[in-house]
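Here is a short briefing on a protein structure. Please look over the sequence and the fold before reading the points.

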Amino acid sequence: MNRYVRGPVIAAVTALSVGMGPLEAQDITENIAFQAIPGELPSLDPPYMLSWDTTLGFNVYETLTRWTEDEGIVGVLATSWDSNAEGTEWTFTLREGVTFHDGSPFTAADVKASLDRNIAVGMVAYDFIGIESIEVVDDMTVRFIASEPRNVPLIVSAQYGMFIYKAEAVDQPPEWWAEGNDAGTGPYVVAGFEPGTRAVLDRYPGYWGGWEEGQFTKIVYLIVEDPTVRDQLIRSGEVDLTTHLPFDSIASLESVDDLVVLPYLPLAQLIFAFDHSNPPLDDRSVRRALAMTFPYGDVHEGVFLGHGRVSAGSGPTALWTPPDDFPSWKQDLDAAGAMLAEAGFGDGFELDLAVSAGSKEVAEAVRLWQSALAEVGVTLNIRQLSGGAFWDSAFNPDNEDYDVFVVAASGDVPSPYAWLIIFTSSPYGWFPAIGYNNPAFDSLVFEAWGQEATDAGAADATWVEAQRILHEEAVSIFAMDAPLIIAHGSDIEGLVPVPPYSAIVFWYEMTRQP
């Protein structure tokens with residue numbers, strides 16, 4: 001029996017949303033799930049889904065492959081693939097019997113049209129550097145041709161920019177997507193969308209995977225930015241699932257009957273990214289001094305309560321193998337102050353920091369660093385921005401408004417490349433405000449990216465050498481391999497957090513037990 005007794009707010013949402021997209025076939029019992037998500041859904045256009053919109057996107061759209069904990073890369077819209085010995089040519093066989101939500105058949109032409117557009121949009125074009133063309137061999141076969149070795153099955157499993165949609169939809173204007181239209185093959189269709197408030201999905205009866213009793217037939221996403229309110233909603237049973245709850249709530253959450261609390265470590269990292277283009281952060285000595293001011297241990301133990309771990313370098317430590325003697329920065333305010341004085345900054349200076357609204361822990365980490373910086377004469381001005389305003393500045397290579405950007409970043413591909421690309425001089429990196437330029441570092445990043453297609457051991461050694469440069473240059477502060485909390489009702493079964501997909505919930509794979 002469902003433990004939830006919907007409160008007045010959720011009841012009102014249910015009354016409005018259930019009528020937004022009724023099931024076309026009532027052959028299984030209607031089963032509605034409510035999920036409170038911490039941020040807005042900026043876009044319903046697949047290549048622009050780069051934030052909380054991806055949690056909806058993975059239930060409406062599908063990728064050629066997906067990464068799993070047990071099996072590594074597995075097929076979704078592709079059933080098999082092979083490559084030449086050099087890793088420069090990859091051929092994928094596509095799944096038969098797949099249809100889009102309008103009933104039309106899925107073919108290789110849709111794969112090419114989708115990925116060509118995703119690349120052209122440019123948000124994750126860095127994943128396709130070196131891939132020269134995508135060719136339609138026949139209706140059920142597609143081929144990728146690269147100028148350098150590339151691990152294409154890994155690339156197309158990425159969290160961002162790999163959704164496949166109907167070829168005819170690539171020319172649809174932004175308004176079409178914003179109105180809640182979709183062109184996916186996934187288990188759910190977009191049934192309603194109210195920006196800033198909620199989105200509703202209904203099951204697609206013609207989904208190629210089929211449907212069974214107990215699966216969820218409707219998903220209601222409620223946008224709830226305040227973590228305290230999300231905490232209240234999951235405790236009261238007004239939502240079935242939520243994430244990014246305060247870590248100091250774990251003990252009391254675990255005492256709530258019929259509630260499952262899952263702290264886990266996705267592939268995500270808390271980064272304090274420096275803008276190298278403007279003084280004083282164009283000075284290596286200043287950056288190294290700042291790296292010695294950060295309260296790594298206090299953030300790990302005092303803020304995240306021992307969950308997660310202090311990062312070894314750029315990107316989650318699980319993605320590479322730092323040797324035992326790999327250097328690390330530790331807080332040493334005396335040494336930091338002396339280094340700033342030697343660099344000519346003994347009288348102090350000001351830094352403007354941008355952080356987007358959301359996590360209680362991130363806000364506390366910023367304040368702890370602010371206090372530590374004050375002890376060495378550095379004033380940290382904290383500016384809390386909306387997600388849109390934050391990324392407008394972060395995407396601007398000519399940014400002069402902020403010196404430091406704080407982001408809990410989840411990369412797209414499960415590879416160090418997704419994090420290290422932002423420190424290259426490539427115009428396709430996803431954080432151009434950083435402005436770091438080091439040709440030797442660039443060379444190592446792209447060498448390792450190629451090696452991942454043919455020699456994983458060699459790639460790992462090259463990643464370590466690239467990380468050494470980032471450490472010595474103190475290009476940014478890599479604070480934490482960032483954990484998160486998922487909480488859901490105990491009557492829900494089948495939730496398996498998958499690290500590369502951060503907080504994505506694959507509702508089709510879950511059921512509600514009576």
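The model is predicted.

**Sheet and helix**
- Four strands form an open sheet in the order E4-E5-E7-E6, and their pairing is antiparallel.
- Strand E4 (78–83) and strand E6 (131–138) are the edges, each pairing on one side only.
- From one strand to the next, the twist averages 20°.
- Five bridges join E4 to strand E5 (residues 89–94) in the antiparallel sense.
- Trp 81 has Phe 92 in E5 as its bridge partner.
- Helix H3 (residues 108–121) lies across E5, E6 and strand E7 (141–146). H3 runs at about 165° to E6.

**Nonpolar cores**
- The largest nonpolar core has 66 residues. Leu 94, Phe 144, Phe 405, Phe 423, Phe 431 and Phe 441 have the most contacts inside it.
- A second, separate core has 55 residues, including Ile 32, Phe 247, Leu 259 and Val 286.
- Beyond four places in sequence, the contacts of Leu 94 include Leu 64, Leu 77, Ala 78, Phe 106, Val 111, Met 140 and Val 142.

**Ser 502**
- Ser 502 sits in the loop between strand E20 (492–493) and strand E21 (511–512).
- Ser 502 counts as buried because its relative accessibility is 11%, and the cut-off for buried is under 20%.
- Leaving out residues up to four places away in sequence, Ser 502 touches Gln 159, Tyr 264, Pro 266, Ser 410 and Leu 484.

Key. Residues numbered from 1 in each chain as written. Predicted model: local features only at pLDDT ≥ 70, side-chain atom pairs only at ≥ 80, totals over all residues. Heavy atoms only, no water. Core = buried A, V, L, I, M, F, W, Y, C linked by side-chain atoms within 4.5 Å. Buried < 20%, exposed > 50% of the residue type's maximum accessible area, 1.4 Å probe, protein only. Contact = heavy atoms within 4.5 Å. Helix = DSSP H or I, 4+ residues; strand = E, 2+ residues; numbered from the N terminus. Pairing = 2+ DSSP bridges. Axes fitted to C-alpha atoms, helices over the stretch in contact; angles between N-to-C directions.
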